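I opened this notebook to record what I looked up, region by region, with the cut-offs noted where a term first comes in.

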Amino acid sequence: MKAPRLPRLPAIKPPPLPGPPPGPFRPRFWRSPLRGPWLTSVLGSILLVMIAVVAVTGLISHSAYQPDVVKGYNAIVGPRGDIGPLISLPSDAPSWAYALSQGAHVTIGLIAIPVLLAKLWSVIPRLFAWPPVGKPAQSIERLAILLLVGSGLFEFVTGVLNIQVFYPWHFLFVRAHYYGAWIFISALALHVCVKFPTVVRAYRDQGVLRPLKADLANTKPEPFRPGGLVSPSPATPTISRRGLLGLVGAGSLALLIANLGESVGGPLRRIALLAPRGRVWGTGPNDFQVNKAADSVKVTALASDPRWRLTVAGARTVSLSRPQLMAMTQHTYELPIACVEGWSTTQHWTGVRLRDLAALVGASPDAFLEVHSIQPKGPYRHTAYPASQVRDDRSLLALCVNGVDLSLDHGYPARIIIPALPGVHCTKWLGSMQFVEA
Amino acid sequence: MAGFRRMYGSNPLHLLAHAGVFFIAGWAINQILRAGFVINWIAWFLGAALLHDLVLLPLYSLLDRGLMITTGARREPPPVADSAARARPRAINHLRVPAVVSAILLLVYFPLILGYSSHNYRFDTGHALAGYTRNWLLICAGLFLFSALVYTVRVIRSRPRAVPAADEQPSD
């Protein structure tokens, strides 16, 4: 028997989507006549170059800490689960290589901030795009943008506060900044791929530099496209595009002048009015910048004790007083201390070559070195150096600086100084050294 | 393929690339969170974006809107394109430039300028944190003064010459 034919239901039309709520969700809310794909492309291109430098120098700094040298001594981001160092300075790099790299990391990171702010301003209407979720592709693209903006701002904020020794958070800066960088780099690489056609089209339509020729009177909105960045009801411009880019440039220039002196030194240090380590303490031989003063790590009494001895261990172990160390062959090199915070200072260091100490205790040239500070607290009390650095002529156990004894703040009675090494690894107030055969 | 495109909204490579990034991000987040402080880290990650997008950007946009109203920038007739006459300079950008530069310096260096770094700074370096507030105020004053000076010069130069045509009349 044939089933009775069911009456065909009338097709249900989906209810029309409600329009965007008032306010920033409506395209007409955004009135700037300058927003458009060309402006965003220019800001994005400049920012990309800067961030590429910051990323490469950041990875160089990560490997300059030599996290893979023995026992995880140097693995400050946590020994487990990290990928190996990717980009390293060559082992015969000039002594200023780390100072240059890290100075670039901090300085270019700082001067990128106005560009970043302008870039985010130029795309802010997209945050309020309506409807907020559409096809899956659109939704996961928005999630990727959240990762990009979140990690980008996180990297800049944590970096900027770190160079000013202000830590209003509970997590470990180094670890969060390093792994945050991986989120930022990967999300940015994807963003560049996704937006590449848009950028190419904007440059082809508008010319790469042509919009810069327009003064205020000739500043016109870019061609309107529904759903794009150009306002459907642009206001009269009050600044030209080149004026806006000039404004961004002025912000970057101010940051450059305010900070560069702490990395470059010389007369620039005098005009580095806001650099965290730009101040000049005096003209004495020990008056250059200190990262951690002796008092701050409670080492003053221990380091000024005349009974201090340096234990050097290898095939045999010796214990050396400061006069005994001073009696060994002394070498002087002009080497920088370069802090991960971006500042650096170059001084004349005098002391005993590390490889002479290795020979003294019968260690082979392939031995790596572990050192321990007598400082009772604080990170970086223990550090390890690969054999290549121990063998370098310029790697010293420094006893004097600029012709006088080290001051307590600079590591008296003895400290390590090694070319192109992050400053915190030039361990101060040394207590023992151990050459370990690989 | 067309079906995937219709359902998903883009090509499979788009999905694959995004999945790759989410994988790397997941690994990195896991590495950070291993050290604990999960809520604190998430608060900073999302907080930075929310603070920028919903507080900082609206705030400076409103300030700029206020500046445009007080200087009457939007009411001024748009300058005539390609006119040979020297346009009268506008006050607004002579306020915007020093204001933006001062604000950026404050935004970046506020821990030093407002003294949030003072405890750690004294602890680490052995020196008191001093002079940053004064330096920032001096820079601000210098920027605004310099901008005012440039504005004055531009206004004077844009004035129509007081001795036009009359001079060119042949004297009787």
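How many residues lie between β3(A) and β4(A) in their hairpin, and which residue in the turn has a positive phi? I found 5 residues between the two strands, and A:Gly342 in the turn has a positive phi of about 105 degrees. Before going on I noted that this is a predicted model, in which local features need pLDDT of at least 70 and side-chain atom pairs count only at pLDDT 80 or more, while totals for chains, interfaces and linings use all residues. Residues are numbered from 1 along each chain as its sequence is written, and chains are lettered from A and ligands numbered from 1 in the order in which they are written.

**Entry: strands of chain A**

I took helices (H or I, at least four residues) and strands (E, at least two) as DSSP runs numbered from the N terminus, and I counted two strands as paired if DSSP finds at least two bridges between them. Strand β3 (residues 331-338) and strand β4 (residues 344-353) of chain A are joined by 8 bridges in the antiparallel sense, and A:Pro336 has A:Thr346 in β4(A) as its bridge partner.

I then looked up the open sheet of 5 strands in chain A, which has mixed pairing and the order β2-β1-β10-β5-β6. β2 (317-320) and β6 (382-385) of chain A stand at the edges, each with a single partner strand, so one side of each is left without a neighbour in the sheet. From one strand to the next the twist averages 15 degrees. Within this order, β5 (residues 368-373) and β10 (residues 430-436) of chain A run antiparallel and are joined by 6 bridges, and A:Phe368 has A:Val436 in β10(A) as its bridge partner.

For packing I used axes that are lines fitted to C-alpha atoms, for helices over the stretch in contact, with angles from 0 to 180 degrees between N-to-C directions. Angles under 35 degrees count as roughly parallel, over 145 as roughly antiparallel, 65 to 115 as roughly perpendicular and the rest as oblique. A crossing is left-handed if the near helix is turned anticlockwise from the far one by less than a right angle, and right-handed if clockwise.

α2(A) and α5(A) pack with their axes 9 Å apart at an angle of about 160 degrees, and they are therefore roughly antiparallel to each other. Their crossing is right-handed. Taking residues as in contact if their C-beta atoms, placed from the backbone, lie within 7 Å, I found that α2(A) meets α5(A) through residues including A:Gly103, A:Leu110 and A:Ala118 on α2(A) and A:Val248, A:Leu255 and A:Ser263 on α5(A). I sorted residues by class, with Ala, Val, Leu, Ile, Met, Phe, Trp, Tyr, Cys and Pro as nonpolar, Asp, Glu, Lys and Arg as charged, and the others, Gly among them, as polar. The contact of α2(A) with α5(A) divides into 10 nonpolar, 6 polar and no charged residues.

α3(A) and α4(A) have axes 8 Å apart and pack at an angle of about 140 degrees, and they are therefore oblique to each other. α3(A) passes α4(A) in a left-handed crossing. By class, this contact has 13 nonpolar, 8 polar and 2 charged residues.

I also checked the span of α3(A): its 28 residues reach 41 Å from first C-alpha to last, close to the 40 Å expected at 1.5 Å a residue, where the expected span is 1.5 Å times one less than the number of residues. A:Val165, which follows α3(A), has a positive phi near 45 degrees.

**Entry: chain A against chain B**

The contact takes 64 residues from chain A and 59 residues from chain B. On the side of chain A that touches chain B, α3(A) gives the most, with 13 residues, and the residues of that side divide into 45 nonpolar, 14 polar and 5 charged.

α2(A) and α3 (residues 38-71) of chain B pack at an angle of about 120 degrees with their axes 11 Å apart, and are therefore oblique to each other. The crossing of α2(A) past α3(B) is left-handed. Here A:Leu120, A:Trp121, A:Ile124 and A:Leu127 meet B:His52, B:Asp53 and B:Leu57.

**Entry: backbone details in loops**

The peptide bond from A:Trp130 to A:Pro131 is cis, with omega near 0 degrees, and A:Pro131 lies in the loop between α2 and α3 of chain A. Another cis peptide bond joins A:Tyr412 and A:Pro413, with omega about 10 degrees.

Key: Two residues are in contact if their C-beta atoms, placed from the backbone, lie within 7 Å.
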